[in-house]
Structure formats: C-alpha cells, structure tokens
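Dear colleague,

I am passing on the structure we spoke about, with the sequence alongside. Below it you will find my notes on what turned up, beginning with a question.

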Amino acid sequence: MDEPGLVVARNSPVLHGFVAAVTLAVAVLLFLGAMPGEERKLVYQGEIVSTTDLCEATGTDGETVTRACSELGTWEVYPTGWSTVPVVVALALAAGAGFEVYQLPKLISSRRQRRQDAVGRMVERDFKRM
C-alpha cells in the first residue's frame, strides 16, 4: 500500500516540470547529434579505404609495391545526411515533454482544489492545532 506522502510527491508539479525539462534536454541533444555534418574518409584511386588496408602502387622502377593506404591515399571530406532514428526519438521525447508541460496547469488546479476541499472539511479544533 502506498503512503500518502509518496502519492503527493509523484503528482508534484515541480516533479512534472523537472521531468519535462530533462526530457526536452535529452531530445535537444539527440536532435543536435542527428544533424547533417561532414565526415573525413581516406580515398585511394577513387575508392574509400581503411587506414589499416594495404594498397598496391607502382614504384619508381615500375615494380608493384604494397604499402599502407594511409601513406598512399588522401583524406577527403564527404557530407553526411540526417540520422533518421535519433530524429524520430528526439521528436517523440519532445512530444512527451510537451505533454507533461500541457498537463501542468490541470495538475496545479486539481491540487489547489483538493487543498481547498480539505480546508473546507476542517472543523474548528483542526484550526486550533495549526
């Protein structure tokens, strides 16, 4: 059985506001990470290669020489597009944060109403104890 104090803490407007703020912050970070940018790639003879690959080149005497692609290739910058999954997750989190913020006025008014109802049910001796 839940204690009454825990129920109030779970329905606290401050807690809902904090959850909305953290959720929105995570959504913004995901969105920023999903934005298009640039990526450096190693290219040798028109192909994208890894730095650990071995590439063949023709030496000065015409013989074939095998060397590390990082020595023979060039670094080129390629644009990257939007990352779909983080954008969708960020939008879902932002929608959840928006829903939390949307519910705050209703939560605050219901808490005020409960407080007023409790004061209305108090009898004279309850006021003396306060």
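Does L29 count as buried or exposed? At 62% relative accessibility, L29 counts as exposed, where buried means under 20% relative accessible area, exposed over 50% and partly exposed in between, with a 1.4 Å probe and protein chains only. L29 is found in helix α2, helices being DSSP runs of H or I with at least four residues and strands runs of E with at least two, numbered from the N terminus.

Before the rest, two remarks on the basis of these notes. The model is predicted, and local features therefore need pLDDT of at least 70 and side-chain atom pairs pLDDT 80 or more, while totals for chains, interfaces and linings use all residues. Residues are numbered from 1 along each chain as its sequence is written, and side-chain values use heavy atoms, with hydrogens and water left out.

Overall architecture

The secondary structure comes to five helices and five strands, and along the sequence these follow the pattern α-α-β-β-β-β-α-β-α-α. Of the 130 residues in the protein, 18% are buried.

The strands

Strand β1 (residues 38-44) pairs with β5 in the antiparallel sense over six bridges, two strands being taken as paired if DSSP finds at least two bridges between them; within this pairing, V43 stands opposite T74 in β5. β1 also pairs with strand β2 (residues 47-49), again in the antiparallel sense, over three bridges, and the bridge partner of Y44 in β2 is E47. In the hairpin of β1 and β2, which has two residues between the strands, Q45 takes a positive phi near 50°.

Strands β3 (residues 54-58) and β4 (residues 64-68) run antiparallel and are joined by five bridges, with E56 standing opposite T66 in β4. Their hairpin has five residues between the strands, and there G62 takes a positive phi near 90°.

Charged side chains

A search of the whole structure finds two salt bridges, a salt bridge being a side-chain nitrogen of Lys or Arg within 4 Å of a carboxyl oxygen of Asp or Glu. One is formed by E39 with K41, whose closest N and O atoms are 3.6 Å apart; E39 counts as partly exposed at 37% relative accessibility, and K41 counts as partly exposed at 25%. The other is formed by E71 with R67, with the closest N and O atoms 3.2 Å apart; here E71 counts as exposed at 51% relative accessibility, whereas R67 is partly exposed, with a relative accessible area of 39%.

K41 also lies over the face of Y78, at 5.9 Å from the ring centre, and the charged end of R40 sits over the ring of W75, 4.5 Å from its centre. For such a contact, NZ of Lys or CZ of Arg must be within 6 Å of the ring centre and within 35 degrees of the ring normal.

The search for aromatic pairs finds one in the whole structure. F31 and W82 form this pair, which is tilted, at 5.4 Å centre to centre and 45° between the planes; rings of Phe, Tyr and Trp (its six-membered ring) pair if their centres lie within 6.5 Å, planes under 30 degrees apart counting as stacked, over 60 as edge-to-face and the rest as tilted. Because F31 lies in helix α2 (residues 13-34) and W82 in the loop between β5 (74-79) and α4 (84-121), the pair ties together parts that are 51 residues apart in sequence. F31 counts as partly exposed at 34% relative accessibility, and W82 as partly exposed at 48%.

F31, W82 and L29 return in a nonpolar patch on the surface, formed together with L24, V28, L32 and M35, with about 690 Å² of accessible area together. Patches are made of residues with over 30% relative accessible area and no salt bridge, like charges being joined within 9 Å and nonpolar side chains (Val, Leu, Ile, Met, Phe, Trp, Tyr) within 5 Å; the areas come from the Shrake-Rupley method with a 1.4 Å probe, and for residues only the protein chains shown count as cover.

L24 and G98 are 74 residues apart in sequence and 8.3 Å apart in space, C-alpha to C-alpha, and G98 lies in helix α4.
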